[in-house]
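Me: Please take one part of this model and look at it closely. Then place it among its surroundings.

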Amino acid sequence: MITGLRSKLKQFIKMVPKVVFVLGGPGAGKGTQCQNIVRDFGFVHLSAGDLLREERANPNSQYGELIENYIREGKIVPVDITCSLLERAMEESGKERFLIDGFPRNQDNLEGWNRRVASKVQLLMVLFFDCPIEICTERCLNRGAAGSGRSDDNLESLKKRFNTYQVETKPIIDYYQKMNLVRRLDASLSPDEVFNQVKNVLNESNLQ
Ligand code: UP5
Ligand code: MG
């Protein structure tokens, strides 16, 4: 009887998706490090920005133009759009461990997530890639010059993205900090050095 209950409980615990939020300024290296984490730790990487760009590129989407305007202006797309894309990608993956990159990045995102998804998943931690604005700007401008094709890798959009990050996203990181969920990484270092810090954090939390 107890054994049966125990195995049911185990099954239930296994089925609750685990989430790591990945936050930090534009160009802090979130996407780069998520690729490393996927390779070594077997998470599914869901970049909210990539999902929005995919949706924008879908000619059947009613949101394409809205998304383009928000991204170019460095503003944050209304949460119901982003959350629907994230929920769909989580379901379609059939997997259980997710890196959610670049979300939640304002109060509207946080409230939408808490209303729609939070109770169905376990939030393990928030990886915070902390990087000075000058270094982030240089990285994004270099990426733009190398042909990223991103409509927001230009100085004008970058100023707006940073302002949004400071005013709207930082408070969300502070909110999770108070819950003791934030793991800060010095993202100004080389990609390998940053990943070494990430590995330490994930290994300490037994996430391998
Ligand atoms: N690079 C990376 N790491 C490096 C290192 N350690 N040393 C030297 N160079 C490094 O890296 C950026 C560049 O730097 C690359 O060329 C890389 O090689 C190099 P990347 O890993 O791409 O950094 P990342 O933090 O992912 O930068 P990204 O530009 O993607 O960050 P953003 O947060 O600005 O972009 P995102 O795609 O998440 O969002 C874009 C927009 O979408 C937002 O501004 C917003 O308008 C919208 N959005 C929403 O509305 N809602 C959301 O939930 C999410 C996005
Ligand atoms: Mg990114």
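Reply:

Asp-153 sits in the loop between helix 7 (133-145) and helix 8 (155-178). Helices (H or I, at least four residues) and strands (E, at least two) are DSSP runs, numbered from the N terminus. The model is predicted: local features need pLDDT of at least 70, side-chain atom pairs count only at pLDDT 80 or more, and totals for chains, interfaces and linings use all residues. Residues are numbered from 1 along each chain as its sequence is written, chains are lettered from A and ligands numbered from 1 in the order in which they are written, and side-chain values use heavy atoms, leaving out hydrogens and water.

Is Asp-153 buried or exposed? Asp-153 counts as buried because its relative accessibility is 7%. Buried means under 20% relative accessible area, exposed over 50%, partly exposed in between (1.4 Å probe, protein chains only).

Two polar contacts involve its side chain. One goes to the side chain of Ser-148, at 2.8 Å. The other, at 3.3 Å, goes to the side chain of Arg-161. A polar contact is a pair of N or O atoms within 3.5 Å; within protein, one must be able to donate a hydrogen and the other to accept it, and residues adjacent in sequence count only if both atoms are side-chain atoms.

Now the wider contacts (heavy atoms within 4.5 Å). Leaving aside neighbours within four places in sequence, Asp-153 touches Cys-140, Leu-141, Arg-143, Gly-144, Ser-148 and Arg-161.

Arg-161 leads on to the largest pocket. Arg-161 is among the lining residues nearest the pocket's centre, with Pro-26, Gly-27, Lys-30 and Arg-150. The lining has 46 residues, and the volume is about 950 Å³. Here a pocket, on a 1 Å grid over the protein atoms alone, is an open set of points where a 1.4 Å probe fits, with protein on both sides within 12 Å along at least five of seven lines; lining residues have an atom within 4 Å of a point. Grid points are joined across faces, edges and corners, and the volume is the space filled by probe spheres set on the points. Helix 7 and helix 8 each supply at least two lining residues, as do other elements including strand 1 and helix 9 (191-204).

Strand 1 (residues 18-24) also pairs with strand 4 (residues 122-130), parallel, over seven bridges. Two strands pair if DSSP finds at least two bridges between them. Val-22 stands opposite Leu-127 in strand 4. On strand 5 (residues 182-186), which pairs in parallel with strand 4 over five bridges, the bridge partner of Leu-127 is Arg-183.
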